[in-house]
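Please read this note with the sequence and the model open side by side.

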Amino acid sequence: MAGSANPNMVQPMLTPMQRASGANMQALNTYSNPAAAAQNMMNPYNQQVVDTTLRDVGNAAQIGMNTLDAQAQAAGAFGGSRHGIQGAEALKGYQQQALDKVGALRQQGYQQSMNNAFNAAQGLQSTGQQAFGMGNQLQQNQMQQGAMQQQMMQNLINSGKQQYAGFTGQPLQNLNTMMGTISAQPTMAGKETSFQPGLFNYLQFAAGLA
Amino acid sequence: MAKGGRESNDATMPAFFETALQQSIGMGQDAAAMPYAEYRGPDVAAFNPMQEAAFQNQQNAMNAFGMQGGQGGYMPTPVNAGGAIGYSSAPVYDQARQNLQTFSPATAEYIPSFGIDPVTGEMGSRAPDSQPVALEMTSAGRRGGK
């Protein structure tokens, strides 16, 4: 059976957004053309209710006609004008009954179908909204968890960059340590004053000796 | 008051302190010649698979409603540094330096001349060691690299 579709095969799952969009579209179609949606619902109603009723009335008419024929036969009047008139009247009554019933059923069915169509559209709207909400919530959760992971990675990168900055700044750190050590010492600088005598000083000294 | 002679005032300090001071100055001069050591690793954490999936889901969601999803890559290729995956600013830095070289070549040459050549180690023309000033004190400290 190669190539043939397997009816048991699981259909690919639609995403919540695809379901929401589909439901929204179907609801929109119903609201824009409710008669078409109602007509779709009328078809099975016609088959299951109206046609059955017609059959029932037809069967009842047949039984009534058979009874009429039997009575006419027993009376020896079968085929007579009286029998003919009775039969025609009986058929007319059954036809009228059938038309009345079918008319009422169709009106009732159409009304019900319209109501059902709008109810179905509202249900589609509701489920579509629900699917949209679920999809959005899942999206938000996914983004939130992704952001958490990204933040962790960012923290890791920041730590690595901090280490690198520590490495490249180490020479300045060493210099600061050295400068700090020096500046922490008491004042070491002093001043030494010296005097180198000149000729005048020597003459003054000699005069003092004389 | 001295007349005819010469009086001089000289600053004095202990030899060990003079040595330490000169060593500090030497260190300062060496540190002042240090070039810029750029960082070339990741700067900003890259989007992870979960975020990429979220982006794809969002695009699919918009497509489901007949809207444009905005498919396609936007961020640069992330770099991997020891398992940390992120976007690096190094290419932006390289491009900025290239632009400076193109439009302001004198500035581009001037700035690194204050430090050593980061590749060859050659002293820059405006580094402290290249300045024509002689030390007044006699240093016991060593100068140079390692």
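This is a predicted model: local features need pLDDT of at least 70, side-chain atom pairs count only at pLDDT 80 or more; totals for chains, interfaces and linings use all residues.

**Notes on the two chains**

1. Strand S1 (residues 190-196) of chain A and S1(B) run antiparallel and are joined by seven bridges; within this pairing, Glu192(A) has Asp10(B) in S1(B) as its bridge partner. Strands here are DSSP runs of E of at least two residues, and helices are DSSP runs of H or I of at least four residues, both numbered from the N terminus. Two strands count as paired if DSSP finds at least two bridges between them. In general, strands of a sheet pair through backbone hydrogen bonds, either parallel or antiparallel.

2. Residues are numbered from 1 along each chain as its sequence is written, and chains are lettered from A and ligands numbered from 1 in the order in which they are written.

3. Chain B holds four helices and four strands, and, read along the sequence, these follow the pattern β-α-β-α-β-β-α-α. Of the 146 residues in chain B, 10% are buried, where buried means that 20 or more other C-beta atoms lie within 10 Å of the residue's own, exposed means 12 or fewer, and partly exposed lies in between, with C-beta atoms placed from the backbone.

4. Strand S2 (residues 44-45) of chain B is joined to S4(B) by two bridges, with Ala45(B) partnered by Gly86(B) and Val44(B) standing opposite Tyr87(B).

5. On the other pairing, strand S3 (residues 79-81) of chain B and S4(B) are antiparallel over three bridges, and Val79(B) has Gly86(B) as its bridge partner in S4(B). S3(B) and S4(B) form a hairpin with two residues between them, and Gly82(B) in the turn has a positive phi of about 60°.

6. In a regular strand the side chains alternate between the two faces of the sheet.

7. How many residues of chain B are in contact with chain A? There are 44, and they touch 42 residues of chain A, a contact being two residues whose C-beta atoms, placed from the backbone, lie within 7 Å. On the side of chain B that touches chain A, the largest share, nine residues, comes from H2(B). That side divides into 25 nonpolar, 14 polar and five charged residues; Ala, Val, Leu, Ile, Met, Phe, Trp, Tyr, Cys and Pro count as nonpolar, Asp, Glu, Lys and Arg as charged, and the others, Gly among them, as polar.

8. Helix H4 (residues 170-183) of chain A packs with H1(B) at an angle of about 155°, their axes being 10 Å apart, which means that H4(A) is roughly antiparallel to H1(B). Angles under 35 degrees count as roughly parallel, over 145 as roughly antiparallel, 65 to 115 as roughly perpendicular and the rest as oblique. The contact of H4(A) with H1(B) has ten nonpolar, three polar and no charged residues.

9. Helix H1 (residues 16-32) of chain A and helix H2 (residues 49-64) of chain B pack at about 15°, with axes 9 Å apart, and H1(A) is therefore roughly parallel to H2(B). Here Met17(A), Gln18(A) and Ser21(A) meet Asn60(B), Ala61(B) and Ala64(B), a contact with three nonpolar, three polar and no charged residues.

Note on methods. Axes are lines fitted to C-alpha atoms, for helices over the stretch in contact, and angles run from 0 to 180 degrees between N-to-C directions.
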